[in-house]
Each structure stands twice: as C-alpha cells, then as structure tokens.
Amino acid sequence: MDDLVGLAVIVILVVVAGAICGLIALVQLNALKQEVAVLRAKITHLQTHKSISQSEPQSEASTAQAALSRSEPIAHKAQPSLTSQNASPPVINQLSAPPKKAKPAEASAIELLFNKLRAGFEENWMTWIGAIALAFGGIFLAKYSLEAGLLSPVMRLSLGGLFGLGLIAAAAYLHHKRIVFEGFNNYIPAALASGGFITCFALTLLAYSSYDMLSPTVAFFALAVIAISASAMALRLGPLLAVLGIIGAYSVPIWVNTGSGNLFTLFMYVGFVSLSAALVAHKVQRAWLWYLLWAGHIGWYLVGFTLLKVNTVWLMGAFALLSIVGLIAIPRLGLKLNVIEHRPHSLKRLLKVLPDHALLLAFIAPLISTMLISHFDMQWQAIGVLSIVLVLFLVLKNSRWDIWQGVALVISTLLVLGAQRTHLSPNLFDDALFIFKNEYGLGLLLGLLLTAFGLYYGKKQIKRLAFHITGAFSAFVMIATLYTHIPNSALSTAYPLWAVALFVVAAILIKCAQHNTTLFQRFTYWVGANANITLAITMLLSDSGLTIALAVQVLLISVLIKRYNVPMPHWPIKALVAALLLRLTLAPWTPSSDALTVFGLHWSIVVYPLCIALFFAAAKCFDSSKLKIWLEGAALHCLALFITTETSYQLVGHYPQFDSLNFYEQILLTCNWLALGCVYLHRAKLAGTLAKLYKVAGFALAGLAGFFAIKTLLDDNPLFESLYIGELPIFNWLLLLWLVPAGLTLWLAKLVKPINAKATPFILAVAGGFILLAINSFIRQYWQGPYMYLSKGASNAELYSYSVIWLVLGAGTVIFGHLKNQLLIQKVGLGILAAVIVKVFLIDMANLEGLLKALSFIGLGLSLVGLSWLFQKLRSRVNPV
C-alpha cells in the first residue's frame, strides 16, 4: 500500500509541476509576443520614413525591402546600414546575396514518427498525465476500499467499475459533441477513455486474483471483452487508444491462466484478437499498429510450440498457414484474394518486399525446423506439402512474391532430408522399388512437379524470370539432394531412373531455350540443361565426380555469359566457386576421401589439376573484370591445396597431419607455403579490391613457412642429428631444405619492400643465412655422404674446400657488386673474403709446417694481390676519369 501511495504522490507532483511549468511558459510566451510586436512596429516606421526621403525609383525598392523586413525583421535589421555605404555595386551584390544552403538530409521514417510523437506529447502532455492520474485514482480507490473495509467487496468493485464506465461514457459524449477537436486529434476523449478502460481492466484482475469472485474462464472473457472494446472505440477516438486495446488483448492469456493448456482455445482467442486488431489498424491507418499486431500474433504462435503434442500438429500447421493468409495475403490481395498483379519485377525489387518476406519466414521457419527435429512424420510432411502449395498459390496471385518459389524449393529439400532421417532402414534398399518410396519417391515427385510448374507458368508469363529459374533447376536440386544421401551400393539401382529424368528435363530445357525471346531466359535454360547433364554424368563417377561437375559448371556458365554477353550479376558464380573451394579444402582431411580414386588414380592428383585448369579457363572469359580476379584466386587456392596435399601424400602415403610431421614433410611444407606466400603477394599487386585478402594470405603462409623452417633448424637439423639426406651431391634434400627457401626468401624481400621497407633488411639477412647453410651443407655432404652430422669430424680436404669455394664465391660477389654498382653487394663480398682469410689463418694453416706452410701463404698473398688489381680494373671501367 505504501508503494501505491508513494506512486500516487509522485504522479500528483508531476501534474502540479507540469501545470506550474505551463503557466510560466505561457507568461514568457506572452512577453515575447509583445516584444516582437514592438520591434516590428519600429522597423515598419523606419522603412516608411526612408521611403519618403528617397526618389520615386528608389521608393519601389524600399517597399520591397520593407516587405522583406516584415517577414524577417530581426535577421535583416542591420541591412539598411550596409546598403547605405559607398561601396561599388558588385560588392553590394556580393554582400547582400544570400548564402547557398545545403539541402538538408531527409529524415527517416523512424525519426519522423519519433518527432511526431514528441510534438504530440509536448502539446498534450498535461492531458495524458491527467488520464494516467484518473486511471491510478480508480485503482487506488479500489485498493483503499479493500484495505479500509468501508464497503463490501461487491460494492467496492461495482463503484470502481461505475467510475471506469463513467470515464468511458464521458469520452464518448465529448467525442460525439465534438466539444474539443474533430477527428483523431481529439486527445481529451481518448485520454478519458484510456483511464476508464485501464480502471476496468485492473478491477477485473482484482476480482479474479484477490477476491476469487470470478472463475478463470469468466475472467478471461471479461478481460478480452474490455481489451477488444478499447480497440473498437479506437476507431472513433484515434490510434493511441488502439495501442491500449491491442496490448491489453494480447496480454490477457498472461494475466489469466486457466491451466488447461488448451492450444485450440489459445489460437482461437489469438486469431479473434488479431482479426479485431487488423480491422482497427486498417481503419485508423497507422503502420505501427500493424507492428504491435504482428508482434503479439507471432509471439503467441511461438508459445504454441511449447504446448505442442501429437494430436495438435495439424492445429499448429493450420494456424501457421491461416496466419500467412490473414496477415500477408488478405492485406495485399483483398478479402476475396482478387487483387492480382502479374507484372515482372527486378531481383532488387523482389528482395525489398517488406514486411511480407519477414512475416513468411516467421511462420514457415519454426514450422519446418520443428518438423526436422520431431517424429510426427506423416502429419508434418503433409503440412510441408500444404505449405508449398500455399506459397506457390500466392506466387500466382502476386508477382512481388516471385522469390517465394525459392522458399518452396527449400521446403521441398528439407522435407526430403527429414524423411531420409526418419525412414532410414538397413532393409530399405533390398527392394528395387525403393526409388519410388519414402524420401526417394517424394523427392523425385516434388522435383518434377516444381519443374512442370515453372515451365508451364514461365511459358504463360514469359517476363517473370523466377518461373524460368524454378523450371530449370528444381529437378537438378532435388535429385542432387537424393544423390548426396544414397549409399554407393544402391546408386546402381537408382541411377537409370534419375539419369533418364535428368536427360529428359535437359532436353526440354534446350528446346525451351530455342524459343524464348529474352537473353536471360535462354541463359537460364542453357545453364539448367548443363547442370542436369553434368549431374547425370557425375553419378557415373565417384564422389570426386561431383566436384569436377561443379567446376565444369562454373566454366560452362562463364562461356555462356561470354557467348551471349549476358549482364549477369557475379554473386551466383562467386557463391558456387566458394562452395566448391570449401569442398576442395575440406576433402583431403575427410576420412571418406582417403580411398577415393578417379580413373585408377588417387583423386587429388586428378581433381586439383582439373579444377585449376577449369578455373583459369573460366577466368579468361571475363576481360578486366573483378570476377576474373576471383576465379584466378580460386585457381591459385587449388594450386596451394594441390602442392600442400599431394607432395605429402606421394612422400608418406597420407595427407599432412600437422601435429606429427616428419623431417621430410616439414621441408616440403616450408618450400610449398613460402612459394605460395610469394605468389599471393605478387597477385596482390593486380587484385584490386581483393589485394588486402591476398596480402593477409601471403603473409600467413610465409609465417607458417618460417615457423617450420625454425623448427627444422632447431629440432630436425641434419647437422646435429643422424638424418638421411640423399646420396647425390646438390640434388638431395638439402636443396629443398635451405637453397630453395633462400631463393624464395630473396623474392619475398623484393615483394615486401613496397609494403614495409623496414622489414626488408631482416628478410635479406634470413636469406643470407639460408645461403650460408646451403653451401656449407653441400660441401659437407659431398665429403660425408648421406649422413653429415658434425660429430663425425672433418678432413683437411673438406676444410680446404670450404676456403676455396667461399673464396671464389666472395670474389664473384664483389665483382657482381661492381658490375651492378651495388655497394651493399660489394660489402657482402668483402665480408665473405675477410671471413675466408680469418678461416685460412686460424684453421687451415694451423697444422701446416715447412714448405707447405710457405707455399700456402705465398698462394694466399698472390690471390689477394690479383683480386685487388682486378677490383681496381673494374672500378676504373665503371667510373672512368
């Protein structure tokens, strides 16, 4: 009670404060009006005085100026002083010219609605606070009479009810006499009626919950009558009262729960309330009333799934389908569904038909999702078929819903998948007629019916492209769905029927393509025919055949686009390529693909090269197009997959297992990923909008290659462990271990320099380290054989060979640097020579004695003198005096 009294005090304070603020604002407004009137009189007097002192030609201009000053007295008050200055006419014109204003941005519908509601509240806030106070007064009166025990419960409730009915009657009388305003702006009657309906609503709840004077059923219907009466009265008093009625009507099942769990009664009540609310919203013409209606109706529809039982499946489906008719079809097509529209629409316009698409999905998506997870097979499948029939029927009525044919195809596919899950049995395929039963018969029937539907109505309404798409691809989608789920052992039985169906549909599509007028129609039928033929051929092959068929389809679509010059959007091809790349990426690590073969060869050695060639061929069909870059990128991705997977497979007999790679797999992956990273960075220069993606992929691959290179250097280094590297000099594993990565790292440094010049020296240093390891390892392998770990020691001949080879390499580096006039290369060569000299003195000559020691020093000295003379000779040629 204390809380209610406190709330009442707050409401009273708000009313009093609002009244005071209103009086203050009224006084200030009157004062401002008086000041504006005085200023306007003064300006008029000044303009009149000026017109008398000027000549007749100027008097006309003065009159116009006075007229302007009357419309904007304050903004142009300083203008006479400006025009009286001795300035040249151009300056006057420049100064007096009004500045150009930018066109204000158009406000959105939400902003307009908010501004309108705010303006209405600012004008009528006292009225609505008064209505709220009246409602709370009725509630407090009933509560006080309850606690004080002044009257009997029946008398208390009766007096409160009379008070609420009195407010409603007063509102009706004021509106009927039009005492305040006319039309829907009659806020005072609406406010009184709102207070009366809230009072009646609260008293009914009080009688039900506190006094137990009403049964749940009686309270339920009483509250429903009050809420619906408020909605009905809103037809006369305006939309704001309709909000109260709609919210109250939909909330009745929350306040009064009979505990029966009767879904039929709930849906009957919600349907009746929605019908009443729809009539009110249609009469009042306010869009936001429809939003309340949709929210309440869909909310109770979703609640109905929590009460779903075996015997209420039909009720759930019927309510969903009737809701689609009542909330989507009738508002668009009329009560008799006779408002028909057949004109074609573009795809962009079809996608923007709101809220129809959202409402359809709100009813269909929960229905089909429940079907997939439930066990009410026949009932749910019948509801799914009825959903398809209803959707296609509405498509025939209104061309703005053409995209719903795709919804029908999706429902058909989900029906087949749901039937496949529930009817799966080990003995199903023993009967050769299984292709006509369960999900196989259902899928084939739905595919052929949808194809016939699309072809028939596509012929009657040629310009509606959605019919042609449905006719071209329905059979392909449904048979492809069945094909992906049938076991290989049963495919031989199903294939003849499916192949015949696909070839017949393809022949019909080719025939239709020859007699259609528009380019898009011919293109659609040609692509559909190719898809059906490709699927029929694919079923003769293994699972890899589907991948090849999809890649062939990409090429065929590209060729058709180029041949017929079809301005087709790129996103369907991109979606197909993306799905194909996802399949190709996951396939190597799918257990079922280990033993797959194509033409007697392992699948990856055939599929990846074919897809690379097909993608590159498709890219050539698009000149200077973003799709060309996309297809070339897909080809490069396939190349990356092929190199990554096939090298490991040929080496160890399985695809890379990244948590257990051996020494040789790490070498291959390092080279493969570093090379692909460089290729991606090179492609980034020509990729346009995809440049950032290529750069990210390139740096990611280079980073992974660097990780494996470091791991090999520290953990699996043949210089520290006994690892077999090959018998032949140079052409052994050391070539891939260090020399090839060295060359790729130099390429990487060149590619990274335009992107990040600071990282280039570090990458060059890494390349130098690879070269150093490669050359020294080649020398050691020549002397030590296939196992060259350092603990085996080194002979004098091996030590001398290091010096001789590095001396030649250092000299060659210096000479190359002089020829290219590159100071950095010269410094590197001189550093190599210095290191060789240090090695010769400290290691090579340490054990020499007598004549050999003298000859060694003489030979070293002569070599250095000769190199010095050669460097001076080259310098003089490069920089002549």
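Just after helix α29, Asn821 takes a positive phi of about 55°. This is a predicted model, so please read each value here as computed from predicted coordinates. Helix α29 itself covers residues 796-820, which makes 25 residues. From the first C-alpha to the last, α29 reaches 36 Å, close to the 36 Å expected at 1.5 Å a residue. Its buried residues are Glu798, Ser801, Tyr802, Ser803, Trp806, Gly810, Ala811, Thr813, Val814, Gly817 and His818.

Some of these names come back when you look at Gln826, which lies in helix α30 (residues 823-844). Leaving aside neighbours within four places in sequence, which residues is Gln826 in contact with? They are Val814, Gly817, His818 and Asn821. Gln826 and Ile815 are 11 residues apart in sequence, and their C-alpha atoms are 7.5 Å apart in space. Gln826 has a relative accessible area of 14%, and because buried means under 20%, Gln826 is buried.

**Helix α12 and what follows**

Helix α12 runs over residues 313-333. At 1.5 Å a residue, its 21 residues should span 30 Å, and the end C-alpha atoms are 28 Å apart, which agrees. There is a bend in α12 of about 30° at Gly326. The buried residues of α12 include Val313, Met316, Phe319, Leu321, Ile324, Leu327, Ile328 and Leu333. Gly317, Ala320, Ser323 and Ala329 are buried in α12 too.

Just after α12, Gly334 takes a positive phi of about 90°. Is Leu337 buried or exposed? At 17% relative accessibility, Leu337 counts as buried.

The next loop, between α13 (347-351) and α14 (356-373), holds Pro355. Here a cis peptide bond joins Leu354 and Pro355, with omega about 5°.

**The loop between α26 and α27**

Asn717 is in the loop between α26 (691-714) and α27 (733-752). Not counting residues up to four places away in sequence, Asn717 touches Thr712, Leu723 and Trp738. With a relative accessible area of 2%, Asn717 is buried.

Ile730 is likewise in the loop between α26 and α27. Its phi is near 65°, a positive value in a residue other than glycine. Ile730 counts as partly exposed, at 42% relative accessibility.

**Helix α18 and two partners**

Two packed helices are described by the angle between their axes and the distance between the axes.

| Helix pair | Angle | Axis distance |
|---|---|---|
| α18 (residues 465-485) and α19 (residues 488-513) | about 170° | 10 Å |
| α18 and α20 (residues 519-538) | about 10° | 9 Å |

How are α18 and α19 oriented to each other? Angles over 145 degrees count as roughly antiparallel, and α18 and α19 are therefore roughly antiparallel. On the α18 side, the contact is made by Gly471, Ala472, Ala475, Phe476, Ile479, Leu482 and Tyr483. From α19 come Leu491, Trp498, Ala501, Leu502, Val505 and Leu509. By class, this contact of α18 with α19 has 12 nonpolar, 1 polar and no charged residues.

For the second pair, angles under 35 degrees count as roughly parallel, and α18 and α20 are therefore roughly parallel to each other. The α18 residues that meet α20 are Leu465, His468, Ile469, Ala472, Phe473, Ala475, Phe476, Ile479, Ala480 and Tyr483. Their counterparts in α20 are Phe520, Gln521, Thr524, Tyr525, Val527, Gly528, Ala531, Asn532, Leu535 and Thr538. The contact of α18 with α20 divides into 14 nonpolar, 6 polar and no charged residues.

**The whole protein**

Stepping back, the protein has 31 helices and 2 strands. Of its 881 residues, 42% count as buried. Among contacts between residues at least 6 apart in sequence, 70% join residues at least 24 apart.

How values were computed: Residues are numbered from 1 along each chain as its sequence is written. This is a predicted model: local features need pLDDT of at least 70, side-chain atom pairs count only at pLDDT 80 or more; totals for chains, interfaces and linings use all residues. Side-chain values use heavy atoms; hydrogens and water are left out. Helices (H or I, at least four residues) and strands (E, at least two) are DSSP runs, numbered from the N terminus. The expected span of a helix is 1.5 Å times one less than its number of residues. The bend at a residue is the angle between axes fitted to the seven residues ending there and the seven starting there. Buried means under 20% relative accessible area, exposed over 50%, partly exposed in between (1.4 Å probe, protein chains only). Contact means heavy atoms within 4.5 Å. Axes are lines fitted to C-alpha atoms, for helices over the stretch in contact, and angles run from 0 to 180 degrees between N-to-C directions. Angles under 35 degrees count as roughly parallel, over 145 as roughly antiparallel, 65 to 115 as roughly perpendicular and the rest as oblique. Ala, Val, Leu, Ile, Met, Phe, Trp, Tyr, Cys and Pro count as nonpolar, Asp, Glu, Lys and Arg as charged, and the others, Gly among them, as polar.
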